[in-house]
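Please read the following explanation with the sequence and the three-dimensional structure at hand.

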Amino acid sequence: MFARTALRVAGRRIARPAAVQTPVFRSSFNSSAKNADPEVHVASFAKGQRKIESLEVPATGNGPVAPPGADEKKVAVPFKKDGYSHLTPTLAKFTCPDKVAVITGGGRGLGFNMAQALAEVGVRGIAIMDVQKELGEAAAQELSEQTGVDVRFYCVDVRDSEGIAKTVEDIADHYGALDILINAAGIADSNIKAETYDIEKFRRLIDINVTGSFLVAQAVGNQMIKSGKGGSIVNIASMSGSVVNYPQEQSCYNASKAAVIQLTKSLAAEWARHGIRVNSISPGYMDTALNRVPALDAQKRIWVDHTPQKRLGAVDDLNNLAVYLASDGSAFMTGNNCLIDGGYTLW
């Protein structure tokens, strides 16, 4: 499941911004971490070449959390357009040639790996949204250098409705289209008993995981409706939205992911008439950086023992499912929640 961790500090990952001001573009860029930053930093990479702009968006609050572990690194392979004509009709449906994708939480982990997967199946543009400026820019540059895709990075908070709206508008203006959304931004609080759960931490997690998912989907959905071409939205939920995890207590996270699943179904029903498909992916326990900490070793042994496949999900195990849901291969699928958990929810 997304960002599964027992580290309570993860609840401090995203800062709440203030109102958005008129966008201002400029060539300067400050890569140092700040708690208060008056801009959404936009870093564009075309074949690895860096260009910097910024959208003015006031923000205050705590900075993001950097996990002590590290994700397994994999190199994306460029999509060769001359090979597209050699694909069978069935295989061709599982590609996304000349599409434009937005990935929230794409600076690392599952989000970045799904961005790599989309680059490998032919998308021409990828916009990464993340609250970690240095990490996000590095991810965008790496992806562009590996695949030659036009990649832009936006340092933006998913809870900022005006900032998200301005960012999505800028993405559509830059690429001239917006076809795919992978809504992967989120946080987790684990090992917190319901009877002692701090109400502010509870509200923060719900605001990021649920409200944030809705705000991005709403902004992207409006662009898709405006274009008249429809599109595909993929929300990253969790198996925790369908079952109660063991042994950790995490009532808020479970409730938030159940809400994401139901939000997915609701948006799918409302937006089908616009040609927009909305589905969700519910991962099981994943071997991401947030889980690669000694404090979780004992719990991970229990998680693996309760999983029929006897392993955690690899950081790229969601890639093919994300591509399927983004592509025409799933043209008749909408409102579906796809569990990908090594069989954990079978028992």
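What does the accessible surface of the protein come to, and what percentage of it belongs to carbon and sulfur atoms? The accessible surface comes to about 14400 Å², and 53% of this area belongs to carbon and sulfur atoms. Accessible areas come from the Shrake-Rupley method with a 1.4 Å probe, and for residues only the protein chains shown count as cover.

The model is a predicted one, in which local features need pLDDT of at least 70 and side-chain atom pairs count only at pLDDT 80 or more, while totals for chains, interfaces and linings use all residues. Residues are numbered from 1 along each chain as its sequence is written, and side-chain values use heavy atoms, with hydrogens and water left out.

The pLDDT is the predictor's confidence in each residue, from 0 to 100. Its mean for the protein is 87, and 84% of the residues reach 70 or more. Over residues 1–36, however, the pLDDT is below 50; this stretch has 146 contacts in the model beyond near neighbours in sequence, a contact being heavy atoms within 4.5 Å. Residues 59–65 also have a pLDDT below 50, with 29 contacts beyond near neighbours in sequence.

The secondary structure comprises eight helices and nine strands. Helices (H or I, at least four residues) and strands (E, at least two) are DSSP runs, numbered from the N terminus. Of the contacts with a separation of 6 or more, 80% are between residues 24 or more positions apart. Of the 347 residues in the protein, 55% are buried; buried means under 20% relative accessible area, exposed over 50%, and partly exposed in between (1.4 Å probe, protein chains only).

Helix α2 illustrates such burial. Eleven of its twelve residues are buried, so the helix is largely enclosed by the rest of the structure. Among these buried residues are L110, F112, M114 and L118. The elements that cover the buried residues of α2 include the strands β3 (100–104), β4 (125–130), β6 (180–183) and β7 (231–236), together with the helices α3 (133–147) and α8 (319–326). At 1.5 Å a residue, α2 (residues 109–120) should span 16 Å, and its end C-alpha atoms are 17 Å apart, which agrees; the expected span of a helix is 1.5 Å times one less than its number of residues. After α2 comes G122, whose phi is positive, near 105 degrees.

I164, V168, I171 and Y175 are among its buried residues. The residue G176 follows α4 and has a positive phi, near 80 degrees.

Another helix, α6 (residues 251–271), contains S266. This serine is partly exposed, with a relative accessible area of 33%. The C-alpha atom of S266 is 7.5 Å from that of G335, although the two residues are 69 residues apart along the chain.

How many aromatic pairs does the structure hold? There are five aromatic pairs. Rings of Phe, Tyr and Trp (its six-membered ring) pair if their centres lie within 6.5 Å; planes under 30 degrees apart count as stacked, over 60 as edge-to-face and the rest as tilted. The ring centres of F79 and Y84 are 6.5 Å apart and their planes lie at 65 degrees, so this pair is edge-to-face. F79 is partly exposed at 22% relative accessibility, and Y84 is partly exposed at 31%. Y285 and W303 form a stacked pair, with 4.1 Å from centre to centre and 0 degrees between the planes. This pair links distant parts of the chain, 18 residues apart: Y285 lies in the loop between β8 (276–283) and α7 (297–305), and W303 in helix α7. Y285 is buried at 5% relative accessibility, and W303 is buried at 1%. Together with Y344, Y285 and W303 form one aromatic cluster.

Finally, the cysteines may be considered. A search of the whole structure finds zero disulfides, a disulfide being a pair of cysteine sulfur atoms within 2.5 Å. C96 is buried, with a relative accessible area of 2%, and C252 is buried at 0%.
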